[in-house]
Amino acid sequence: MGNVEADDGRLWERSLQGEGDAFGLLFDRHRDRVFRHAYRLSGQRHDAEDILSMAFLELWRRRLKVRLVDGSVLPWLLVTTTNVARNSKRSALRYRRLLDSLPRGEGIANANDDVFLQSEMDRDAARALATLGTEDLQLVSLVVFEEYTVAAAAAVLGLSPAAAKSRVHRARKRMKTAINGALQPPPVLEGDRL
């Protein structure tokens, strides 16, 4: 007799029937990987924690549309995490631009900036990931960071394996260029001035 709690599909079915403990087990099972993915995308611990929370909130909010892949809810969570991270980053950039547009008094520095700084490597990785389009980012996240095969990631995203392989190759080249400083992330909104 197998362990029924080891099966995401069974836990998900129980969650849909209103069993909070089953949803909690899914959270416990996948939170670390979702957090690591969110951290890779955001480069900041507090942002990653917020993204993690939002991804699981979306899991529950969109529960009737969630599609398990190979009996696991993790691929859906990782794709959702990518989307939440991008939305969060766009929102933060809009907020930062608004703050930057406000008049400032002289000598006022943002003391909190240093508190939340992460290693240079994390920021380089987050900057490189920010240069990718949504679908490429989801694909890279699944293949490179979560170690899914290209074919499995392609199935999650509705791509052919050949197209996915090509996109991963181009995305890696783009990230490498970005890390070397040649590319900048696209503007948040067209027409926004810096």
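Arginine 167 and aspartate 136 are joined by a salt bridge, with N and O 2.7 Å apart; a salt bridge here is a side-chain nitrogen of Lys or Arg within 4 Å of a carboxyl oxygen of Asp or Glu. Because arginine 167 sits in helix 9 and aspartate 136 in helix 7, the pair ties together parts 31 residues apart in sequence. The model is predicted: local features need pLDDT of at least 70, side-chain atom pairs count only at pLDDT 80 or more, and totals for chains, interfaces and linings use all residues. Residues are numbered from 1 along each chain as its sequence is written, and side-chain values use heavy atoms, with hydrogens and water left out.

**Salt bridges**
- The count by this rule is 8 salt bridges.
- Aspartate 136 is buried at 17% relative accessibility, while arginine 167 is partly exposed at 23% (buried is under 20% relative accessible area, exposed over 50%, partly exposed in between; 1.4 Å probe, protein chains only).
- Asp28, Arg31 and Asp32 form a network of salt bridges.
- Arginine 31 and aspartate 28 are 3 residues apart in helix 2, so about one helical turn separates them (helices are DSSP runs of H or I, at least four residues, numbered from the N terminus).

**Nonpolar cores**
- The largest nonpolar core has 28 residues, and Val34, Phe56, Leu59, Leu77, Leu139, Leu142 and Leu157 touch the most other members; a core is a set of buried Ala, Val, Leu, Ile, Met, Phe, Trp, Tyr and Cys residues joined through side-chain atoms within 4.5 Å.
- Helix 4 gives the largest share of this core, 5 residues.
- A second, separate core of 15 residues includes Phe35, Val84, Leu129 and Ala171.

**Helix 8**
- Ala152, Ala153, Ala154, Val156 and Leu157 of helix 8 are buried.
- Beyond neighbours within four places in sequence, leucine 157 is in contact (heavy atoms within 4.5 Å) with Val79, Glu135, Gln138, Leu139 and Leu142.

Technical notes: Helices (H or I, at least four residues) and strands (E, at least two) are DSSP runs, numbered from the N terminus.
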